[in-house]
Amino acid sequence: MKQCPENIADYMHDYLDDDINEEHSNVLLSHIAECDECKKTFHELSKTVAFLQSNHITAPSGFTANVMRNLPKQSKRRRFEKWLQRNPVLIAASLFILLMGSSLFSYWGEDEQFSFSKDPNLVVEGQTVIVPEGKTVKGDLVVKNGDIKVEGKVNGNVTVINGDNYLAGAGEVTGNIEEIDQLFEWIWFHTKDIASRVF
């Protein structure tokens with residue numbers, strides 16, 4: 001069989017497993033008709049298969065449970081890796097919440113200082129931002145840790161964060177006026193702000 005084609009051994013196993021096509025079957029049968037060594041090997045394999053099929057060996061009761069119990073336990077790391085592979089959406093959502101939360105709390109630390117939207121028409125007196133009479137601010141106006149007084153015009157929204165109040169003047173605001181001084185309102189404001197920048 002050493003000089004025989006290598007695929008003959010594969011064809012023998014396929015033939016005995018009833019997993020061979022007609023062409024390979026014809027090649028095998030014509031070869032073992034000519035080769036005594038392959039014929040002998042094929043005959044021994046056939047007898048082995050017949051012997052195994054005639055003896056119905058049954059496993060002892062509880063065999064599967066014993067085998068499963070004796071298998072090595074998966075490491076915690078491998079179980080964690082499998083869990084990660086099965087839950088990609090949960091991981092993405094968790095990362096989003098973590099990043100969003102960390103950026104919000106970084107804003108929280110920064111928001112202890114007085115700051116405001118930059119515009120050349122604004123006047124600042126102490127911690128009060130003033131839109132002077134006859135001046136127009138184009139766009140949204142945000143004041144953090146201070147007050148705002150509108151005597152002119154704001155073409156946009158006015159938001160006061162952690163300020164004492166919005167000091168009403170004779171001016172005009174075309175958008176919404178919003179005062180934010182509580183943690184949840186502050187978080188909602190920054191969430192909307194970050195989302196508007198991202199999307």
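**Ring pairs and a charged helix**

Tutor: Let us begin with tyrosine 15, which counts as partly exposed because its relative accessibility is 30%; here buried means under 20% relative accessible area, exposed means over 50%, and partly exposed lies in between, with a 1.4 Å probe and protein chains only. Please keep in mind that this is a predicted model, in which local features need pLDDT of at least 70 and side-chain atom pairs count only at pLDDT 80 or more, while totals for chains, interfaces and linings use all residues. Residues are numbered from 1 along each chain as its sequence is written, and side-chain values use heavy atoms, with hydrogens and water left out.

A pair of aromatic rings is described by the distance of the centres and the angle of the planes. Rings of Phe, Tyr and Trp (for Trp, its six-membered ring) pair if their centres lie within 6.5 Å, and planes under 30 degrees apart count as stacked, over 60 as edge-to-face and the rest as tilted. Across the whole structure, two aromatic pairs are found. One of them joins tyrosine 15 to phenylalanine 42, and this pair is edge-to-face because the ring centres are 5.5 Å apart and the planes meet at 65°. It connects distant parts of the chain, since tyrosine 15 belongs to helix α1 (residues 7-16) and phenylalanine 42 to helix α3 (residues 36-54), 27 residues apart; helices (H or I, at least four residues) are DSSP runs, numbered from the N terminus, as are strands (E, at least two). With 12% relative accessibility, phenylalanine 42 counts as buried.

Phenylalanine 80 and tryptophan 83 also pair, and because their centres are 6.4 Å apart and their planes at 15°, this pair is stacked. These two residues are three apart in helix α5, and so about one helical turn separates them. Phenylalanine 80 is partly exposed at 48% relative accessibility, and tryptophan 83 is partly exposed too, at 38%.

A salt bridge is a side-chain nitrogen of Lys or Arg within 4 Å of a carboxyl oxygen of Asp or Glu, and the structure holds three of them. Glutamate 81 forms one with arginine 77, where the closest N and O atoms are 3.3 Å apart; both residues lie in helix α5, four residues apart, which is about one turn of the helix. Arginine 77 is exposed, at 63% relative accessibility, whereas arginine 78 at 35% counts as partly exposed, as does glutamate 81 at 28%.

Elsewhere, the side chains of glutamate 151 and lysine 149 form a salt bridge with an N to O distance of 3.4 Å. Glutamate 151 is partly exposed at 29%, and lysine 149 is partly exposed at 30%.
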